[in-house]
Amino acid sequence: MKLLLKFNLVFVLVFALALAATSYVSWTLLERNARDEIAQNARLLMDTALAARAYTSSQVNPLLETQMKYTFLPQSVPAYSATEVFNDLRKKHTEYGYKEAVLNPTNPRNRAVDWETDLITQFRGNKDTTELIGDRDTPTGRSFYVARPIRISNPACLRCHSTVDAAPKTMLERYGPANGFGWTLNDVVGAQIISVPTQVPLERAQKAFTVFMGSIAAVFVVIGIVLNTMLWALVIRPIGKLSQFADRVSLGELEIPEFKRSSGDEIGMLARSIARMRTSMVQAMKMLES
């Protein structure tokens, strides 16, 4: 097996191992960063929803108290305001989602579906759990969600949701007496759920990964070409000439021109050694002839 072939086999093996290790580490980091970005965006949207609820509760609700005696205004409900804000957001970003999923809601649009019910059940089963995150498949692709429990911590909420008799008549006229009652203080009745698409950040990570690995592969190819050229010019070609020269000397062709190499490297030292051997053989032959 030729020396250049051996060298390239070793180089390709090292290249493959290095590329595989680099690929694993870089994709792991890029995917982790993409998922961190997704989670950060989801939590930012969750905080936006909480801010909308707080604004409605502290500033809008007091302004509507008088009108609420004559007609129930859903704009006074923090959950309604937060949902409407995100409904406007969804007009431009349909892939984002927000829902205050409740097991027994006053407004039917807030009723929890199967997977949302599972999240609420987990919150109800472990009261120390303050957040659940995960992925799920949707018609528009893979989606990342952040869920937080809706816990009745404000006694004022029970004015509308404790019993039918205690609820405002205007609310009963709008939604009826069938749903949204029987809530108790500190009870988990639902979950706030933010859904964020994972496709865009992961696609950006994939593109960055492709460019990075392509660059690494190109660098290795250039290095391989340069090393092959240097190996051929500095080692293989001179050794090939030395081999031919030594072979001819060993066959008795002592009158061939001397192989000259002035470099101080190992090949130059080998060339001078072979030249001395040739000179010694020439002198020995002359002594034998005399």
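E84 and R109 join their side chains in a salt bridge, at 2.9 Å from N to O. Here a salt bridge is a side-chain nitrogen of Lys or Arg within 4 Å of a carboxyl oxygen of Asp or Glu. E84 sits in helix 3 (residues 78-89) and R109 in the loop between strand 1 and helix 4 (114-125), so the pair ties together parts that are 25 residues apart in sequence. E84 is partly exposed at 27% relative accessibility, and R109 is partly exposed too, at 35%. For those labels, buried means under 20% relative accessible area, exposed means over 50%, and partly exposed lies in between (1.4 Å probe, protein chains only).

A quick word on the ground rules. This is a predicted model, in which local features need pLDDT of at least 70 and side-chain atom pairs count only at pLDDT 80 or more, while totals for chains, interfaces and linings use all residues. Residues are numbered from 1 along each chain as its sequence is written, and side-chain values use heavy atoms, with hydrogens and water left out.

**The overall layout**

The protein has eight helices and four strands, and along the sequence they run α-α-α-β-α-β-β-α-α-β-α-α. Helices (H or I, at least four residues) and strands (E, at least two) are DSSP runs, numbered from the N terminus. Of the 290 residues, 32% count as buried. The accessible surface comes to about 18,100 Å², with 60% of that belonging to carbon and sulfur atoms; these areas come from the Shrake-Rupley method with a 1.4 Å probe, and for residues only the protein chains shown count as cover. Take the contacts (heavy atoms within 4.5 Å) with a separation of 6 or more: residues 24 or more positions apart account for 64% of them.

**Salt bridges**

How many salt bridges does the structure hold? There are 12.

| Pair | N to O distance | Places |
|---|---|---|
| E100 and R53 | 2.6 Å | strand 1 (residues 97-102) and helix 1 (residues 3-63) |
| E84 and R109 | 2.9 Å | helix 3 (residues 78-89) and the loop between strand 1 and helix 4 (114-125) |
| R124 and D187 | 3.6 Å | helix 4 and the loop between helix 6 (169-175) and strand 4 (188-197) |

Is E100 buried or exposed? E100 counts as buried, at 3% relative accessibility, whereas R53 is partly exposed at 23%. The side chains of E100 and R53 meet in a salt bridge. With one partner in strand 1 and the other in helix 1, the pair ties together parts that are 47 residues apart in sequence.

R124 and D187 also form a salt bridge, their closest N and O atoms being 3.6 Å apart. R124 is in helix 4 and D187 in a loop, so this pair ties together parts that are 63 residues apart in sequence. Both ends are partly exposed: R124 has 38% relative accessibility and D187 has 22%.

Then there's a network: salt bridges link R43, D47, E131 and R148.

**A hairpin**

Strand 2 (residues 132-138) and strand 3 (residues 141-151) pair in the antiparallel sense over seven bridges; two strands count as paired if DSSP finds at least two bridges between them. Two residues lie between strand 2 and strand 3, and the two strands form a hairpin. Which residue in strand 3 does G134 stand opposite? That is Y145. As background, side chains in a regular strand alternate between the two faces of the sheet.

**Around H161**

H161 belongs to helix 5 (residues 158-161) and counts as buried at 14% relative accessibility. Leaving aside residues up to four places away in sequence, H161 touches T106, G180, F181, G182 and W183. With G180 there is a 2.8 Å approach between the backbone oxygen of G180 and a polar atom of the H161 side chain.

In the loop between strand 3 and helix 5 you'll find A156, partly exposed at 46% relative accessible area. A156 and L185 are 29 residues apart in sequence and 9.8 Å apart in space, C-alpha to C-alpha.

**A nonpolar patch**

V219, V222, I223, V226, L227, M230 and L234 make a nonpolar surface patch of about 560 Å². Patches are made of residues with over 30% relative accessible area and no salt bridge, with like charges joined within 9 Å and nonpolar side chains (Val, Leu, Ile, Met, Phe, Trp, Tyr) within 5 Å.

How values were computed:
A polar contact is a pair of N or O atoms within 3.5 Å; within protein, one must be able to donate a hydrogen and the other to accept it, and residues adjacent in sequence count only if both atoms are side-chain atoms.
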